[in-house]
Amino acid sequence: MAQVPQTFFDALAVRTWCGLALEALGRARAEIDAINVYPVADGDTGTNLYLTVESAAAEVEAVFTGHAAGAGADGGEGGAAGPTLSEAARALAHGALIGARGNSGTILAQLLRGMAQVLAGDGPFGEGAVSADGRGLGLALRHAADSARQAVAHPVEGTVLTVASAAADAADRATGDCGVVARAAHDGACAALAATPAQLPVLRRAGVVDAGGRGLVTVLAALVETLTGERPRAAADMADGTHASVEAHTAEDVHARVEACAAGGEGGAARSGPAFEVIYLLEADDTAVARLRERLDGLGDSLVVVGGDGLWNVHVHVDDAGAAVEAGVEAGRPHRIRITHFGVGDVHTAGGQEPTQERAQRAVVAVVPGEGLAGLYSEAGATTVLACPGEEPASGELLEAVRRAHAREVVLLPNDAELRHTAAAAAEQARTEGIRVALIPTRSAVQGIAALAVHEPERRFDEDVVAMTSAAGATRYAEVTVAERQSWTMAGICQAGDVLGLIDGDVAVIGHDVTSAAEAVLDRMLAAGGEMVTLVLGDEAPDTIARHLEARVRERYLAVDTVVYHGGRQGALLLIGVE
C-alpha cells in the first residue's frame with residue numbers, strides 16, 4: 001500500500017517518518033553492518049542506527065499515546081488534535097539522544113536534534129520563527145548538518161558528516177514544498193555517498209561506501225516517502241553505478257575485503273586503535289562538558305559529544321575505559337554506561353583476525369536497575385542490560401544483549417512488569433535467528449536473583465527454565481520509594497514526598513519515615529511466612545536501614561535468613577524479596 005504523503009511537516013509527519021525509517025533500517029541493517037569499515041570494522045553500524053531510531057520512534061509514539069489518553073480522560077475534548085510539531089520534534093530528539101548507540105548512532109542523534117531545534121523553535125530559533133514548509137525543512141537540514149559536525153572532535157571527510165552536509169547543500173538550493181526539498185536532500189546525499197570511497201582510502205581498499213552515510217541515505221529516503229508518498233530509488237541506482245556497496249559484490253567478497261583491509265591487506269596498514277568503546281549519558285552543564293571534551297580528546301579518538309540543555313550522550317574510543325568514565329564523573333552524573341571491548345569478536349585491532357568463538361550452550365540475559373545489581377548478576381554469569389529510572393530499554397537493546405550472550409539457548413529475565421511485551425518482542429526476533437529463548441516473566445530484580453540462584457546450565461533447558469520460573473514465582477517482591485506527586489493509591493491518597501511501600505506492585509504502606517515504612521512492608525510480607533529475605537539498597541537509602549531490618553528479622557522471625565546487596569542508582573530506595 002502506498003504511503004499517503006504529508007504535504008507539510010507536522011507531528012504526524014514526524015511519527016510517520018520514524019516508523020518508515022525504522023522499517024527501512026531494519027531491512028538494510030545487515031547490509032550496512034557488512035560494509036562497516038570506518039572508524040572501526042566491527043560490523044555494527046546498521047544495528048546501532050536501528051537502535052537509535054527505535055528509541056526515537058518509541059519516544060514519539062509515547063507523546064501520541066499521552067495525548068490520546070488525555071483526550072479520553074476529557075471525554076474526547078481537549079487534546080484530541082494530538083501533539084504539536086514542537087512536542088513531536090522534541091520527543092524525536094530526546095529519544096534519539098538517550099538511545100544513541102555507536103559512533104554513527106551518536107552522530108545521527110545530533111542530526112535529529114539539530115533538525116528538532118529548528119522545527120520546535122528552540123535555541124536561537126524562536127517559537128514560530130520557522131515555518132513547517134519546504135524552506136523550514138531546508139533550514140532544519142542545514143542546522144542538523146552543522147551541529148553534527150560541531151559535535152565531532154575531529155571531523156573526517158568521506159563519512160556520514162560529508163553525506164549530511166551534501167544533503168543540506170542540496171536542500172538549500174531546492175525551491176518548493178517539503179517533498180521537493182526532501183527529495184533534493186536525498187539525491188544530494190546519494191551523490192555524496194557514492195564519492196566517499198574517493199575521500200577515504202580505507203573505503204576504497206575495502207570496495208565499499210561509508211556505512212554511516214549509507215544509513216543516513218536510508219533515513220532520508222524514509223523522509224522522502226513520508227512527504228511524497230513514494231519510495232525513492234535505492235542509493236545504488238541513484239549513484240549511476242559509480243559506487244561500490246554490498247549490492248555490487250557478493251556478501252563473501254565484501255566480508256573478505258573488509259577483513260583484509262582491517263588486517264592491513266590490499267595495500268592497507270593494519271589498524272591499531274584503542275581497545276574500548278565507551279558510551280554514557282551525562283547530566284552536566286555546558287562548562288563542565290567543554291572541559292570533558294578536552295579531557296577525553298587526550299585519552300582516545302572517535303570522540304562525539306551530543307546533546308544539550310543539561311543532558312548529553314558521550315561516545316569515545318579509548319584504551320583506558322576507567323579514565324573515560326572517571327572523566328564523566330568529574331563533569332557530572334554519568335549513567336547508562338556501556339563499555340565494549342573491541343578485541344572480542346571484532347575485526348578491529350592490529351592483525352584484524354576475527355576469532356571463531358564457539359557459542360556457549362546456555363546463557364542468562366537480565367535487565368537490572370542499578371550498577372550494583374549489574375555487577376552481582378555479571379558475577380553470577382549473566383549478561384546484563386542496565387535500565388535507569390524512567391529509561392526503559394527498547395526491544396532492540398534486549399535483542400542485542402541476547403546476541404552478545406553468544407549462546408544457543410538463552411533465558412531472558414526482564415525483571416519489570418512493564419518490560420514484558422518489550423522482552424517478548426526481543427525473544428521472538430531472537431528465535432527467528434535460530435536462538436532458543438525462554439522468557440521468564442520476572443517483575444522485580446529480586447525475583448531475578450532468586451531465579452539466577454537455581455540456574456544450572458548442565459540441566460536440560462526445559463528443566464532449568466521450570467526451576468528458575470518456580471523460584472521467581474515463589475518470591476514476593478516489594479520496594480520502598482518516595483512519591484513524586486499527589487496520587488490515589490490502594491492505601492489512600494499520598495502526597496509528594498511521602499514514603500511509599502509497594503508489595504507485588506501495589507501501594508500497601510504510606511508513611512513519612514523510610515525505615516518505618518520498610519518495617520511495615522517487611523512485616524506484612526513475612527506474615528505469610530518466608531525462609532529468605534533479600535534486601536537491595538539504593539544509593540539514597542539511610543545508612544542504618546540494613547542493620548535495622550536485619551536485626552528485626554533476626555529477633556522476630558526465627559529461621560529466616562537475610563542477605564543484603566547494594567544496588568547503586570536503582571531508582572527505589574530499597575528492594576525487598578521474600579522467598
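Predicted model: local features only at pLDDT ≥ 70, side-chain atom pairs only at ≥ 80, totals over all residues.

Are Phe 9 and Trp 17 buried or exposed? Phe 9 is buried and Trp 17 is buried as well, where buried means under 20% relative accessible area, exposed means over 50% and partly exposed is in between, with a 1.4 Å probe and protein chains only.

Residues are numbered from 1 along each chain as its sequence is written, and side-chain values use heavy atoms, with hydrogens and water left out.

Rings of Phe, Tyr and Trp (its six-membered ring) pair if their centres lie within 6.5 Å, and planes under 30 degrees apart count as stacked, over 60 as edge-to-face and the rest as tilted. The count by this rule is 1 aromatic pair. The ring centres of Phe 9 and Trp 17 are 6.2 Å apart and their planes stand at 75°, so this pair is edge-to-face.

Next come charges over rings, which require NZ of Lys or CZ of Arg within 6 Å of the ring centre and within 35 degrees of the ring normal. Arg 15 lies over the face of Phe 64, 4.3 Å from the ring centre, and the charged end of Arg 29 sits over the ring of Tyr 50, 4.4 Å from its centre.

Finally, the cysteines: with a disulfide defined as a pair of cysteine sulfur atoms within 2.5 Å, the structure holds 0 disulfides. Cys 18 is buried at a relative accessible area of 5%, and Cys 178 is buried at 1%.
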